[in-house]
Amino acid sequence: KKNKEFKKLMEELKSRNVILKNQIKDRKKIEATLNHAIGNKDLMMKEVHHRVKDNMQIISSLLKLQALNKKSGNIDNIIHATDQRIQSMSLIHEQLYNTGDMVNIDFEKYVQTLMDYLFQYYKVDPARVQQNIIIKGITIDINLAIPCGLIVNELVTNSIKNAYDGKKEGQVFVIMEEEDKHFQLIVHDTDEAIILEDYDGKDPSFGLHLVRILGEDQLGGTLSINREDGTKVEIVFPKSGKMI
């Protein structure tokens with residue numbers, strides 16, 4: 001009888017040992033998952049701080065450039081323009097945080113959000129001025145998205161303010177096409193208002209000067225302007241960008 005009881009206890013002990021081993025394995029897995037999550041959180045926080053620092057530097061540079069430009073206008077214009085540029089950058093980060101992807105941007109979704117914001121900001125009647133966004137399934141790195149977003153912001157704003165501020169009707173196109181090693185970004189309006197002055201002149205407006213800096217110096221692209229059907233600004237740049 002004692003032997004049977006002993007065997008029964010031994011079997012129970014073995015069974016509990018198996019359960020305990022499984023619990024230890026599960027605990028180790030949970031600990032590994034938590035450690036990985038903590039590591040990812042630390043990396044994410046470092047990335048956030050890095051992005052914030054970069055954005056502050058961009059904003060600082062924009063303010064300095066605009067302060068030096070002779071055609072910046074009064075302080076109210078500078079504040080409104082800077083606020084708008086900051087908003088175009090914040091929309092990118094809002095999309096990043098909503099999707100959980102800290103690197104890549106759905107550029108079509110971003111441009112749509114930016115265009116809606118600009119049309120609301122300037123109280124543009126969508127029945128009078130039509131948006132045309134032709135960007136299908138293109139995802140770009142945040143380092144490219146910020147200068148591209150600022151370029152779209154400058155050119156669409158210029159178009160809205162100068163071509164469609166009255167009762168005039170027309171269309172604004174934002175097009176992004178992808179090739180093997182390059183992107184092609186086009187902003188086109190059916191009027192001739194994006195460029196009101198000689199873009200290649202010695203003293204262009206700040207916004208147009210900024211477009212050239214972003215397109216050529218930062219993205220490492222080639223900029224061209226076509227005035228045959230309204231105004232079309234085209235920038236072809238490598239997928240890696242220049243990023244100096």
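1. R212 has a relative accessible area of 23%, so this residue counts as partly exposed. Its partner is E216: the two form a salt bridge, and their closest N and O atoms are 2.6 Å apart. E216 is also partly exposed, at 23% relative accessibility. Why are E216 and R212 separated by about one helical turn? They are 4 residues apart in helix α5, and that spacing gives about one turn. The general rule is that an α-helix has 3.6 residues a turn, so residues three or four places apart point the same way. Please keep in mind throughout that this is a predicted model.

2. The whole chain comes next. Its secondary structure comes to 5 helices and 7 strands. Read from the N terminus, the order of elements is α-α-β-α-β-β-α-β-β-α-β-β. Of the 244 residues in the chain, 39% are buried. Take the contacts between residues at least 6 apart in sequence: 71% of these join residues at least 24 apart.

3. Helix α5 spans residues 206-218. Which residues of α5 are buried? They are F206, G207, L208, L210, V211, L214 and G215. Just after α5 comes G220, with a positive phi of about 70 degrees.

4. Helix α5 packs with α4. Two packed helices are described by the angle between their axes and the distance between the axes. For α4 and α5 the angle is about 150 degrees and the axes are 9 Å apart. Angles over 145 degrees count as roughly antiparallel, and α4 and α5 are therefore roughly antiparallel to each other. The crossing of α4 past α5 is left-handed. On the α4 side the contact is made by P147, L150, I151, E154, L155 and N158, and on the α5 side by G207, L208, L210, V211, L214, G215 and Q218. By class, these residues are 8 nonpolar, 4 polar and 1 charged.

5. E154, one of the α4 residues in that contact, also forms a salt bridge with R85, where the closest N and O atoms are 2.4 Å apart. The pair links distant parts of the chain: R85 belongs to helix α2 (residues 75-99) and E154 to helix α4, 69 residues apart. Are these two residues buried or exposed? R85 has a relative accessible area of 5% and is buried. E154 has 9% relative accessibility, so E154 counts as buried too. The cut-off for buried is under 20%.

6. A search of the whole structure finds 4 salt bridges. In general, side chains of opposite charge can pair when their charged atoms come close. One of the salt bridges joins K136 and E108, at 3.9 Å from N to O. This pair, too, links distant parts of the chain: K136 is in the loop between β2 and β3 (139-141), while E108 is in helix α3, 28 residues apart. K136 counts as exposed because its relative accessibility is 66%. E108, at 25%, counts as partly exposed.

7. Helix α3 (residues 107-121) packs with helix α4 (residues 142-162) at an angle of about 35 degrees, and their axes are 11 Å apart. The crossing of α3 past α4 is right-handed. Which residues meet here? From α3 they are F107, Y110, L114, M115, L118 and F119; from α4 they are A145, C148, G149, V152, N153, V156, T157 and I160. The contact of α3 with α4 has 11 nonpolar, 3 polar and no charged residues.

8. F119 lies in helix α3. With a relative accessible area of 5%, F119 is buried. Leaving aside neighbours within four places in sequence, F119 is in contact with V124, V129, Q131 and I160. The C-alpha atoms of F119 and T157 are separated by 8.8 Å, although these residues are 38 apart along the chain.

9. K123 deserves a look in the viewer. Where does K123 lie? K123 is in the loop between α3 and β2 (129-134). Most residues other than glycine have a negative phi. K123 is not glycine, yet its phi is positive, near 55 degrees. K123 counts as exposed because its relative accessibility is 73%; the cut-off for exposed is over 50%.

Definitions and conventions. Residues are numbered from 1 along each chain as its sequence is written. This is a predicted model: local features need pLDDT of at least 70, side-chain atom pairs count only at pLDDT 80 or more; totals for chains, interfaces and linings use all residues. Side-chain values use heavy atoms; hydrogens and water are left out. Axes are lines fitted to C-alpha atoms, for helices over the stretch in contact, and angles run from 0 to 180 degrees between N-to-C directions. Helices (H or I, at least four residues) and strands (E, at least two) are DSSP runs, numbered from the N terminus. A crossing is left-handed if the near helix is turned anticlockwise from the far one by less than a right angle, and right-handed if clockwise. Contact means heavy atoms within 4.5 Å. Ala, Val, Leu, Ile, Met, Phe, Trp, Tyr, Cys and Pro count as nonpolar, Asp, Glu, Lys and Arg as charged, and the others, Gly among them, as polar. Buried means under 20% relative accessible area, exposed over 50%, partly exposed in between (1.4 Å probe, protein chains only). Angles under 35 degrees count as roughly parallel, over 145 as roughly antiparallel, 65 to 115 as roughly perpendicular and the rest as oblique. A salt bridge is a side-chain nitrogen of Lys or Arg within 4 Å of a carboxyl oxygen of Asp or Glu.
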